[in-house]
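Please read these notes with the structure open beside you, taking one point at a time.

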Amino acid sequence: MFLTFLGSFALPSLAAQVPLKLGKLSPELGTASAVAQSYNSASLLDLDSLDFSHWQLDDPPPANETGHFIFETVNSLLQHWPNTRYRNGHTMVPGVIPKGTLLYHGAVNDTIPTVPEWTATDPEHSILFCRGSPDTGCWHLTLAATRPLKVLYFDGTSAAHTINGTLDTQDIIAWGELRPDWGLKEDQRIEDLCKWGAPYAVDGYVRMEMDFEIMLCDFTAGLEVVSLSHLASPAVPRIPNPFSPRLFEVMQAGSWHNRYPGDTRISLDLAGIVSLYDTSLAPSLVGSRSGQERCDHDIRTISSADIEAVRRSVSRTLERDQGDISGIDWKTLFRVIVERYSERLELMDYLLNSENDTIVDRALKVHVQLRVMLTPYIFHSTVPPSASYDLSNSWAAPVFKACGTAHTSSIVSYISSLNPSERLLLRAAQETTREICRIITKMWASGVLAGLDTYLPRDSTPDAAQIIRMMDSWRQELSALMTWLDWSVWVRCRPACGPEEMCYLPSWPINVPPESRWPRHPPYGRYESGDIINTSFPHSPPLTHELLMQVTSSQDDDWRKPQPKCIRRVAPYGF
């Protein structure tokens with residue numbers, strides 16, 4: 001009774017509000033749409049209240065559209081879980097490490113580094129590199145930022161030394177070309193990155209491996225020593241394979257940043273994002289992605305001209321005035337969209353594949369979820385035809401359009417104030433929400449015509465055969481949408497792990513197949529993270545323990561497409 005009353009009261013009110021908002025915006029959009037033409041999204045930016053030609057429910061996104069990749073990238077920045085799923089980064093974002101933030105360095109001796117070196121955001125990570133014998137102990141340095149430190153973040157598992165493309169975005173910034181033969185030249189890499197960034201006052205570079213790290217260019221610039229501690233060496237002979245618990249604790253520390261908001265000690269400036277999924281910036285990569293799953297995306301086919309364009313874009317974003325932004329909170333906008341749809345889409349997927357109720361009951365439950373998502377966009381004037389002759393469901397196009405523009409229409413009205421990075425973000429949000437709304441509106445409309453909507457009743461009762469066909473269609477459409485979105489929030493251990501376990505994705509350096517590892521050729525640099533397993537404990541025998549040998553074979557897809565699994569977080573360990 002309460003729901004019936006609420007529905008009859010709330011829906012007309014919402015319907016009355018939405019047309020007024022669209023009507024208010026439309027006079028301003030002629031200029032906005034013209035400005036947006038160069039960003040290949042005119043159809044999304046055109047919000048003329050009477051034009052629904054670009055809002056057809058049977059009009060899927062172009063095959064080479066990349067907005068959904070950019071959207072999930074932005075929603076995943078500085079989060080360990082999604083950047084473990086997709087190791088090959090395509091994005092660079094400027095940011096700052098706030099004043100007072102602690103950074104950690106596993107030192108070779110009791111001196112402060114005078115050359116560019118690596119620091120960790122968690123001490124569990126840096127202690128892995130605190131090297132010394134049981135007799136001499138080891139040194140561990142803790143630093144604090146005395147001012148905001150300017151950094152550039154490389155997404156993906158960008159500190160993983162694989163031959164599969166994890167280092168490529170750094171190559172094009174440091175050297176202006178891809179250098180797969182320099183995969184283990186970490187000393188050269190950090191020195192050349194710091195030289196490149198010096199004119200832009202870059203203090204360091206943020207990367208991710210088992211946990212997040214900062215490649216610092218100068219340990220005396222904007223930093224003070226909190227402590228330089230002489231610690232007991234982690235290499236203790238009486239403990240069998242001492243590496244196991246320490247390595248695991250690094251993985252555990254990294255897992256603290258698995259999900260949103262990620263590692264909060266780095267504050268990213270999304271208004272300066274540069275993405276190689278931007279087809280206007282790196283058109284040479286479009287063809288190589290065609291027909292490929294995202295786990296197979298890399299930038300190995302990038303042209304020299306596109307490399308130069310990317311470097312210029314990163315340079316401009318690092319030297320631009322901080323006033324050159326709109327003030328839009330892009331991070332929150334993307335998060336709001338994910339929170340609004342992720343759980344409901346997942347619930348509908350469960351209901352569509354459940355066998356707990358009759359098919360009609362499940363169809364009704366799914367349709368309720370569709371109606372809830374679309375309630376703010378169903379106008380009082382939205383009425384289906386009396387007969388099912390409208391195969392395109394054009395009567396539902398206003399609902400589709402209102403839904404697809406709800407989060408971005410106000411931003412479009414002042415698009416001229418957005419810089420190129422912000423326009424890219426706007427396009428990503430538009431393309432993503434458009435496809436979400438296209439599918440859920442299409443599903444909802446078919447349910448209305450089947451007689452499932454209590455607010456828009458039909459003359460006939462639902463036909464069982466029709467419901468079965470519709471449910472099959474819904475199942476396929478929703479599955480395709482969720483695959484297209486590919487949000488990492490849906491990737492988790494099922495069932496949930498026990499109290500002595502943690503959910504884990506196969507990651508570098510533990511589960512790397514032999515064919516993805518760099519060949520080891522001495523001599524090694526002062527900090528050879530490419531051989532993290534053995535250089536961390538130089539006084540121990542080479543570690544070939546079965547824990548570390550749990551690598552995948554070339555026939556196993558577990559490395560290419562990591563799948564979550566529960567592993568122990570207390571002894572006996574296993575990956």
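1. Two strands are said to pair if DSSP finds at least two bridges between them. Keep in mind that this is a predicted model. Strand β5 (residues 149–154) and β6 run parallel and are joined by three bridges, and within this pairing valine 151 has glycine 204 of β6 as its bridge partner.

2. Strand β7 (residues 212–216) also pairs with β6, here in the antiparallel sense and over five bridges. Methionine 208 stands opposite phenylalanine 212 in β7, and the hairpin that joins β6 to β7 passes through three residues.

3. Why can strand β6 be called largely enclosed by the rest of the structure? Five of the five residues of β6 (residues 204–208) are buried, so the rest of the structure largely encloses this strand. In a regular strand the side chains alternate between the two faces of the sheet. Both faces of β6 are covered, with Gly204, Val206 and Met208 buried on one side and Tyr205 and Arg207 buried on the other.

4. What kinds of residue make up the lining of the largest cavity? The lining divides into seven nonpolar residues, six polar residues and no charged ones.

Definitions and conventions. Residues numbered from 1 in each chain as written. Predicted model: local features only at pLDDT ≥ 70, side-chain atom pairs only at ≥ 80, totals over all residues. Heavy atoms only, no water. Nonpolar A, V, L, I, M, F, W, Y, C, P; charged D, E, K, R; others polar. Buried < 20%, exposed > 50% of the residue type's maximum accessible area, 1.4 Å probe, protein only. Helix = DSSP H or I, 4+ residues; strand = E, 2+ residues; numbered from the N terminus.
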